[in-house]
Amino acid sequence: MELKQQHKDVLLAVECGYKYRFFGEDAEIAAKELNITCHLDHNFMTCSIPTHRLFVHVRRLVSHGHKVGVVKQTETSALKASGTNRNALFSRQLSALYTKSTLVGEDVNPVCRVADVEEGGCADVVSDPPDSFLLCISENWDKVKKQLSVGVVVSLININCS
């Protein structure tokens, strides 16, 4: 609930074992966009996708104009079972946030072995386009005078994401 309060405009995919689940309004939106079933579970609407298909579904949601946050478990069940907090919920945190301009990373572009590619086993893997760039321009702005500051410093950063 705290993560959703911090990221209200993001569809959160929460890791739960071997699947990622969407809850509440996020579940209804994801179910509609991904054409999957949404159902009521313990007073929350929910839908889920398998872990190994996360990259496909994140790309589909982003292509429909949504921001997608991936929330991963920060502890394993083995560590939890041997620890003092074995009856508490798994701790989770936002590990990635994807938009149309930041669609890079392990969740959306998994690594395939050469043999898998040659056999046609990685048909779902979509490589980033060669013209995938992020550009940021920054300048000093005097908010009081509503003009550029004296001794203006302009910064330009261009990153090739692929």
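# Close-up views of a predicted model

**View 1. H42 sits in the loop between β3 and β4.** Strands here are DSSP runs of E with at least two residues, and helices are runs of H or I with at least four, both numbered from the N terminus. This is a predicted model, in which local features need pLDDT of at least 70 and side-chain atom pairs count only at pLDDT 80 or more, whereas totals for chains, interfaces and linings use all residues. Residues are numbered from 1 along each chain as its sequence is written, and side-chain values use heavy atoms, with hydrogens and water left out. Although H42 is not a glycine, its phi is positive, at about 55°. Most residues other than glycine have a negative phi. H42 has a relative accessible area of 70% and is therefore exposed; the cut-offs are under 20% for buried, over 50% for exposed and in between for partly exposed, with a 1.4 Å probe and protein chains only.

**View 2. N35 lies in the loop between α2 and β3 (39–41).** Here is another positive phi in a residue other than glycine: that of N35 is near 60°. N35 counts as exposed because its relative accessibility is 69%.

**View 3. K19 belongs to strand β2.** With a relative accessibility of 39%, K19 counts as partly exposed. Leaving aside residues up to four places away in sequence, K19 touches V14, S48, I49, P50 and T51, where contact means heavy atoms within 4.5 Å. Look also for L54: 35 residues separate K19 and L54 along the chain, yet their C-alpha atoms are 8.6 Å apart.

**View 4. F22, V58 and Y98 touch the most other members of the largest nonpolar core, which has 19 residues.** At least two core residues come from each of β1 (10–16), β2 (19–23), α2 (25–34), β4 (44–50), α3 (54–63), β5 (67–73) and β6 (92–98). Such a core is a set of buried Ala, Val, Leu, Ile, Met, Phe, Trp, Tyr and Cys residues joined through side-chain atoms within 4.5 Å. Beyond four places in sequence, the contacts of F22 include L11, L12, A13, M45 and L61.

**View 5. L135, I137, V154 and L156 make a nonpolar surface patch of about 440 Å².** Two or more of the patch residues come from each of β7 (133–139) and β10 (154–160). Nonpolar side chains (Val, Leu, Ile, Met, Phe, Trp, Tyr) are joined within 5 Å, and like charges within 9 Å. Areas come from the Shrake-Rupley method with a 1.4 Å probe; for residues, only the protein chains shown count as cover. I137, found in strand β7, counts as exposed at 59% relative accessibility.

Key. Patches are made of residues with over 30% relative accessible area and no salt bridge: like charges are joined within 9 Å, nonpolar side chains (Val, Leu, Ile, Met, Phe, Trp, Tyr) within 5 Å. A salt bridge is a side-chain nitrogen of Lys or Arg within 4 Å of a carboxyl oxygen of Asp or Glu.
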